[in-house]
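Please look at the sequence and the structure below. The report that follows goes through helices, strands, charged pairs and backbone details in turn.

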Amino acid sequence: MYQEKIEEIKAAIAAADANNPEQLEAYRMEFISKKSVVGQLFGMMGQIPNEEKRAFGQLVNGVKQAAEEKFQELIEKVNSGSKASKSQEIDLTLPPDNEPLGSIHPLTATRQRIIEIFERIGFNLSEGPEIEDDWHNFTALNFPENHPAREMQDTFFIEKNPDIALRTHTSSVQVRVMENQKPPIRTLSPGRVYRNEAISARAHCIFHQVEGLYVDENVGFADLKNTLYHFAKEMFGKETKVRFRPSYFPFTEPSAEIDISCLICGGKGCNVCKGTGWVEIGGSGMVDPNVLENCGIDSKKYTGFAFGMGIERITMLKYQIKDLRLFTENDVRFLRQFSPLMT
Ligand code: 2NL
């Protein structure tokens, strides 16, 4: 009696077909799962007379194997069918999806523009470590032993005695260039610098600087002024005026603060320039002979000028950004405003 039922199931397995995952699952339920017709055959073992159990067991196992082989066959069929249809869906002649592009960070755009201006007049780029020793960040640059910049409240020290700190300016890079190269030197050092300051709209403990250095025979203050005139006109427009105010830095003598005519009012006086008509863009000076000697350059033969500017400051002036914190908050509403910027 069961022989007949088994033949029926075998025929049903042989005739079964599946063209998609749903039909495959229906097949599994009908012929593979515990509750399937094949599963139920095993449950019948109890009712089979002992002398027939062996023959019955062999038959049922045969059905089970046939059901599983067919299942593998159908899985392969469904899988290869779906692959074929998917590859047919791809049209290689279509243009690619437009991935949304980010925008250039305003500090990157400013840095690239500054680099471009100076590269065109013969400056090359130099880079150096952000973690510096005392010599390259302070001592070689003529900072006296008791200078306030050497205090814990101004500089992030990593180790004391010997002192290792996060560089407070990129002058340290230029010290390294002077130690390793012979004049003529014309180099530009952009980079990140660190100072131990409370974060506010006007100050941050991490910011970016670009410094320039020119060392050769007969380099004078007129070269410094003309180089920075050229830079200001290229960067801010040819109507821009430049003035130098006497100042002091440990590493230059004489030293001068660099001001440009206010970009907003053109010099008449407004709230951006606080009524003065001028805004400061950086500092400069003739490299102190002590600094040249510290770096192994003969100060009797060679002279040089140097300058430094804050990239955040230049960017804020150029785009009228009022709060320094916007540069690091990564708010896309701020960043997207610069999407048309090209370098
Ligand atoms: C500022 C002022 C300045 C320098 C940086 C310099 C570098 C060497 C030797 C001498 Cl290796 N000077 N750099 C000179 C004058 C001013 O920066 O206000 N920066 C934001």
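Contact here means heavy atoms within 4.5 Å. Helix α10 spans residues 311-319, and its buried residues are I311, E312, I314, T315, M316 and L317. Buried stands for under 20% relative accessible area, exposed for over 50%, and partly exposed for values in between, with a 1.4 Å probe and protein chains only. Just after α10, Q320 takes a positive phi of about 55°.

This is a predicted model, in which local features need pLDDT of at least 70 and side-chain atom pairs count only at pLDDT 80 or more, while totals for chains, interfaces and linings use all residues. Residues are numbered from 1 along each chain as its sequence is written, and side-chain values use heavy atoms, with hydrogens and water left out. Helices (H or I, at least four residues) and strands (E, at least two) are DSSP runs, numbered from the N terminus.

## The sheet

An open sheet of seven strands has mixed pairing and the order β1-β5-β6-β10-β9-β8-β7. Its edge strands are β1 and β7 (242-249), each of which pairs on one side only. Two strands pair if DSSP finds at least two bridges between them. R245 has E257 in β8 as its bridge partner.

How is strand β1 (residues 124-125) paired with β5, in the parallel or the antiparallel sense? The pairing is parallel, over two bridges. L125 has L188 in β5 as its bridge partner. Strand β5 is also joined to strand β6 (residues 206-216), by ten bridges, and these two run antiparallel. For S189, the bridge partner in β6 is E211. Strand β5 covers residues 185-194, and eight of these ten residues are buried, so the strand is largely enclosed by the rest of the structure.

## Helix α5 and its neighbours

The axes of α5 and helix α8 (residues 221-236) come within 10 Å and cross at roughly 135°. That makes α5 oblique to α8. Axes are lines fitted to C-alpha atoms, for helices over the stretch in contact, and angles run from 0 to 180 degrees between N-to-C directions. Angles under 35 degrees count as roughly parallel, over 145 as roughly antiparallel, 65 to 115 as roughly perpendicular and the rest as oblique. Where the two helices meet, T110, R113, I114, I117 and F118 in α5 contact T227, H230, F231, E234 and M235 in α8.

## Salt bridges

Side chains of opposite charge can pair when their charged atoms come close. A salt bridge is counted when a side-chain nitrogen of Lys or Arg lies within 4 Å of a carboxyl oxygen of Asp or Glu. By this rule there are 14 salt bridges. One network of salt bridges links R113, E116, R120 and E234. In the pair E116 and R120, the closest N and O atoms are 3.8 Å apart. E116 and R120 are four residues apart in helix α5 (residues 106-120), and so are separated by about one helical turn. E116 is partly exposed, with a relative accessible area of 27%, and R120 is exposed at 61%.

Another salt bridge joins the side chains of D163 and K160, at 3.5 Å from N to O. K160 is partly exposed, with 43% relative accessibility. D323 forms a salt bridge with R325, and the closest N and O atoms there are 2.8 Å apart. R325 is partly exposed at 32% relative accessibility.

## Backbone details

The bond from E253 to P254 is cis, with omega near -5°, and P254 is found in strand β8.

N161 has a phi near 50°, a positive value in a residue other than glycine. N161 is found in the loop between β3 (157-159) and β4 (164-166) and is exposed, at 73% relative accessibility. Phi of N218 is also positive, near 60°. N218 is in the loop between β6 and α8 and is exposed, with a relative accessible area of 73%.
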